[in-house]
Amino acid sequence: MTVCDYRPGLEGVPATQSSISHVDGQNGILEYRGIRIEELAQKSSFLETAYLLIWGGLPTKQELEAFEHEIQFHRRLKFRIRDMMKCFPESGHPMDALQACAAALGLFYSRRALDDPAYIQAAAVRLLAKIPTMVAAFQLIRKGNDPVQPRDDLGYAANFLYMLNEREPDPLAARIFDICLTLHAEHTINASTFSAMVTASTLTDPYAVVASAVGTLAGPLHGGANEEVIEMLERIGSVENVRPYIEDRIQRKAKIMGFGHRVYKVKDPRAIILQRLAEQLFEKFGRDEYYDIALELEAVVTERLGSKGVYPNVDFYSGLVYRKLGIPTDLFTPIFAIARTAGWLAHWKEQLEANRIFRPTQIYSGPHDQPYVPLAERP
Ligand code: ACO
């Protein structure tokens, strides 16, 4: 075995072998199981994509219908989970509520039959089915309303928007939201996926795996950036303020939210699709006042930082889409979690298929042979 150099953040260190997704950052290519993201966004649905990611191939018509039916059947929450949510502070972040509820599922379904394909299937279905219901239920509970029950006649995306906004969504809005979920479903070994894999490698239950990934996604360096993009657009306030804002950030060596990526050195392919989706929504429901500011931001950042490979990432236009769909800003990251649950589950299953517990080494930098000083003698 060769010992590698220490790389903070494991940058560039392969930590797994995976056939789930692939990113070519120089050419702006993202593939799930070898299929380009543009094709999936146009032709697939989120649930079909989730099936592809988790089970490794596109389902037959029959398999897809059975999968969709199972998800629909398991959408409801146990009343105890809903009651648990009612005890949470309304001011708490929805990601914390989601993490707690995902972990709580393990109290109800704790049998760890990880070598039983039926158990794997049932756990994946339950998580995909119940996580959107949890996000919508917490939103209504914190507003002082009773959660809305899922509707069997609505698809995955439409049902989520219905449970959240308490009214049936426009079909275009539902389709666009479904594409957003597809775009966010998987992205190789990012921080939350790695966290899911480490947790999976201990052979704990899948609810703990997803809860651990939700906690990791919650951080502002990972899932939280799309919320900060909207706050930035609010602060800038007008197209004229864009250039001075960017110049000031560059001078202070501060990052501009929604731009730059560790892997992509061109415009993120998901940002290209999300921008088109935002435009479709604006055409039907009216232009967002922040869109002109966003366009000017992209133009100025490209002019000033494009030579460093800094272009819009997935978070730059997703917030504008979600705003137009009537989604509150602090639900952007929980929505990311709804979508990424598909990727986390795919990596959980792949980890179990060739498991070895993650146990890296460290370079010790502390002292040796120190005396134990009794409390009374310490300065
Ligand atoms: N604004 C201004 N300058 C930037 C930005 C940015 N958003 N991103 C990178 N740069 C500059 C850096 O200052 C650096 O310049 P230098 O070489 O003169 O020092 C150069 O581009 C390389 O950037 P790094 O910081 O080395 O790139 P890294 O791969 O470490 O960072 C990251 C990637 C963390 C995403 C960074 O671009 C960033 O903080 N962006 C803003 C936050 C954001 O949008 N996060 C969401 C990422 S996507 C996701 O997680 C779903």
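Student: How do H5 and H10 run relative to each other, roughly parallel or roughly antiparallel?
Tutor: Keep in mind that this is a predicted model. The axes of H5 and helix H10 (residues 206-217) come within 7 Å and cross at roughly 170°. Angles over 145 degrees count as roughly antiparallel, so H5 and H10 are roughly antiparallel.

Student: What classes of residue make up the contact of H5 with H10?
Tutor: On the H5 side you'll find Met 95, Leu 98, Gln 99, Ala 102, Ala 103, Leu 105 and Gly 106, and they meet Tyr 207, Ala 208, Val 210, Ala 211, Val 214 and Gly 215 in H10. Sort the contact of H5 with H10 by class and you get no charged residues, three polar and 10 nonpolar.

Student: H5 also meets H4, so which way does H4 run relative to H5?
Tutor: Take helix H4 (residues 79-86) and helix H5 (residues 94-108): their axes come within 11 Å and cross at roughly 150°. That angle makes H4, relative to H5, roughly antiparallel.

Student: Which residues of H5 does H4 meet?
Tutor: The crossing of H4 and H5 is right-handed. From H4, the residues to look at are Ile 81, Met 84 and Met 85. The contact of H4 with H5 divides into six nonpolar, no polar and no charged residues. On the H5 side, the partners are Ala 97, Cys 101 and Ala 104.

Student: What about H6 and H7, roughly parallel or roughly antiparallel?
Tutor: Helix H6 (residues 117-142) packs on helix H7 (residues 156-165) with the axes 8 Å apart and an angle of about 15°. Angles under 35 degrees count as roughly parallel, so H6 and H7 are roughly parallel.

Student: Which residues of H7 make the contact with H6?
Tutor: H6 passes H7 in a right-handed crossing. H6 brings Pro 132, Thr 133, Ala 136 and Gln 139 to the contact, while H7 brings Phe 160, Met 163 and Leu 164.

Student: Which strands are the edges of the open sheet?
Tutor: The sheet has three strands in the order S1-S2-S3, with antiparallel pairing. Strand S2 (residues 29-32) is joined to S3 by two bridges, and Glu 31 stands opposite Arg 36 in S3. Look for strands that pair on one side only, and you land on S1 (21-24) and S3 (35-36).

Student: How many charged residues are in the shell around the ligand?
Tutor: The ligand is surrounded by 16 residues, and the closest are Ala 225, Ile 256, Phe 259, Gly 260 and Arg 262. By class, that shell has seven nonpolar and five polar residues, and the charged ones number four.

Notes. Residues are numbered from 1 along each chain as its sequence is written. This is a predicted model: local features need pLDDT of at least 70, side-chain atom pairs count only at pLDDT 80 or more; totals for chains, interfaces and linings use all residues. Axes are lines fitted to C-alpha atoms, for helices over the stretch in contact, and angles run from 0 to 180 degrees between N-to-C directions. Helices (H or I, at least four residues) and strands (E, at least two) are DSSP runs, numbered from the N terminus. Angles under 35 degrees count as roughly parallel, over 145 as roughly antiparallel, 65 to 115 as roughly perpendicular and the rest as oblique. A crossing is left-handed if the near helix is turned anticlockwise from the far one by less than a right angle, and right-handed if clockwise. Two residues are in contact if their C-beta atoms, placed from the backbone, lie within 7 Å. Ala, Val, Leu, Ile, Met, Phe, Trp, Tyr, Cys and Pro count as nonpolar, Asp, Glu, Lys and Arg as charged, and the others, Gly among them, as polar. A residue is near a molecule or strand if its C-beta atom, placed from the backbone, lies within 6 Å of it. Two strands pair if DSSP finds at least two bridges between them.
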